[in-house]
Amino acid sequence: MLVWSLLLIAAEPAFAQSSVASGAASIKMVVLGDSLSAGLGLAGPDAFPAKLQKALKSKGIAVDMTNAGVSGDTSSGGRDRLDWSVPQGTQAVIVELGANDALRGIDPAVTRAALTDIVKQLKGRGIAVMLCGMVAPPNYGADFAASFNSIYRDLAKSYDVPLYPFFLDGVAANPKLNQADGMHPTAEGVDIIVKNILPAVEAFLGSISKRAS
């Protein structure tokens, strides 16, 4: 199992940024996340949402992308700002939350409840949801890890939403792909994340297009 840095650093909030892909058929998408998707320490174009949008465009998929990542945010924080982070008209949301919950040792039951609320609220608004999983660091013990790691799989199954099992797959714990803090990806690390997750996102967006047709 991949593990990652155990240190939690304080970070200033990252403000949401938007970019629009050309074309009338653009899918309105929001990436609701923390510093990992917000792009802490990176230039705007190097953040995950911007690079994902560029990769989708190269595949002929037009996305009106909003980066709703806030550094330091927990799952509960994401839930509390859900209404204004995901505006009316949004068709798809990628949820990338939980890393700070795990690093701070927040009760997995609290994280589960917050992520459940997010998925339920978005689905209740008719918005498609894709979950990005996170893996707990080992310092809180096996019981904590088992309780935390099962959240994403259980939610995906219960609410019939696609799951990308580990957002940092291929990047976590690799010093060449992380910034000096050991936990936030470099621009090259984001490239790996985008490359790995792209097929899952393509399938996710494809299901939205089929539903709309």
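This is a predicted model: local features need pLDDT of at least 70, side-chain atom pairs count only at pLDDT 80 or more; totals for chains, interfaces and linings use all residues.
## Salt bridges overall

Side chains of opposite charge can pair when their charged atoms come close. The model holds seven salt bridges. Among them are K28 with D64, K51 with D46, and D80 with R79.

## A link between two strands

K28 and D64 join through their side chains, at 3.2 Å from N to O. K28 belongs to strand β2 (residues 27-33) and D64 to strand β3 (residues 63-69), so this pair ties together parts that lie 36 residues apart in sequence.

K28 is partly exposed, at 40% relative accessible area. D64 is buried, at 16%.

## Helix α2 and its lysine

Helix α2 spans residues 48-58. Its buried residues are F48, P49, K51, L52, Q53, A55 and L56. Just after α2 comes G60, with a positive phi of about 85°.

K51 has a relative accessibility of 14%; the cut-off for buried is under 20%, so K51 counts as buried. Its side chain meets that of D46 in a salt bridge of 3.6 Å, N to O. D46 is partly exposed, with a relative accessible area of 25%.

## A pair of sequence neighbours

D80 bridges to R79, and their closest N and O atoms are 3.7 Å apart. D80 is exposed, at 60% relative accessibility. R79 is partly exposed, with a relative accessible area of 24%.

Conventions: Residues are numbered from 1 along each chain as its sequence is written. Side-chain values use heavy atoms; hydrogens and water are left out. Buried means under 20% relative accessible area, exposed over 50%, partly exposed in between (1.4 Å probe, protein chains only). Helices (H or I, at least four residues) and strands (E, at least two) are DSSP runs, numbered from the N terminus. A salt bridge is a side-chain nitrogen of Lys or Arg within 4 Å of a carboxyl oxygen of Asp or Glu.
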